Amino acid sequence: MVMKIKYLREQAGITQNELASRMGTFQNNVSNWETETALPRTRQLPMLAAVFNCSIDDLFVDGSREVPADA
């Protein structure tokens with residue numbers, strides 16, 4: 001499953017460092033999430049959704065809808 005963390009982060013106008021700080025993690029973890037080298041832990045999904053003011057489902061690309069090219 002593809003996540004759109006980078007897209008949401010850029011839309012929110014925050015840096016990887018800012019997101020990492022809000023999530024209580026390291027910038028390299030955010031980078032890994034964005035490149036899908038690693039994915040956030042399940043327990044982090046509600047916090048990510050809160051940061052981006054969206055649902056957990058909105059963190060993921062839905063194959064049935066058109067997705068922005070940079071998502």
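Hi everyone. Of the 71 residues in this protein, 31% count as buried, where buried means under 20% relative accessible area, exposed means over 50% and partly exposed is in between, with a 1.4 Å probe and protein chains only. This is a predicted model, in which local features need pLDDT of at least 70 and side-chain atom pairs count only at pLDDT 80 or more, while totals for chains, interfaces and linings use all residues. Residues are numbered from 1 along each chain as its sequence is written, and side-chain values use heavy atoms, with hydrogens and water left out.

Let's take confidence next. The protein has a mean pLDDT of 90, and 87% of its residues reach 70 or more; pLDDT is the predictor's confidence in each residue, from 0 to 100. Confidence is lowest in helix α1, residues 5-12, at a mean of 96, and highest in helix α2, residues 16-23, at 98.

Now the fold. There are 4 helices and 0 strands, and the pattern along the sequence reads α-α-α-α. Helices (H or I, at least four residues) and strands (E, at least two) are DSSP runs, numbered from the N terminus. Among contacts between residues at least 6 apart in sequence, 58% join residues at least 24 apart, with contact meaning heavy atoms within 4.5 Å.

Let's start with α1. Which of its residues are buried? They are Ile5, Leu8 and Arg9. These residues cover an arc of only 100 degrees around the axis, so they sit on the same side of α1; the arc is that of the directions from the helix axis to the C-beta atoms. Just after α1 comes Gly13, with a positive phi of about 70 degrees.

On to the pair I like to look at on screen. The axes of α2 and helix α3, residues 27-35, come within 8 Å and cross at roughly 110 degrees. That makes α2 roughly perpendicular to α3. Axes here are lines fitted to C-alpha atoms, for helices over the stretch in contact, and angles run from 0 to 180 degrees between N-to-C directions. Angles under 35 degrees count as roughly parallel, over 145 as roughly antiparallel, 65 to 115 as roughly perpendicular and the rest as oblique.

Who makes that contact? From α2 we have Gln16, Asn17, Leu19, Ala20 and Met23, and from α3 we have Gln27, Val30, Ser31, Trp33 and Glu34.

Glu34, in helix α3, is buried, because its relative accessibility is 17%. Setting aside neighbours within four places in sequence, Glu34 is in contact with Ile5, Lys6, Arg9 and Gln16. Ser31, also found in helix α3, is partly exposed, with a relative accessible area of 24%. Ser31 and Ile5 are 26 residues apart in sequence, yet their C-alpha atoms are 9.6 Å apart in space.

Last, two backbone spots for you to check. Glu36 has phi near 60 degrees, a positive value in a residue other than glycine. Glu36 lies in the loop between α3 and α4 and is partly exposed at 35% relative accessibility. Asn53, in the segment after α4, has a positive phi of about 55 degrees although it is not a glycine. At 72% relative accessibility, Asn53 counts as exposed.
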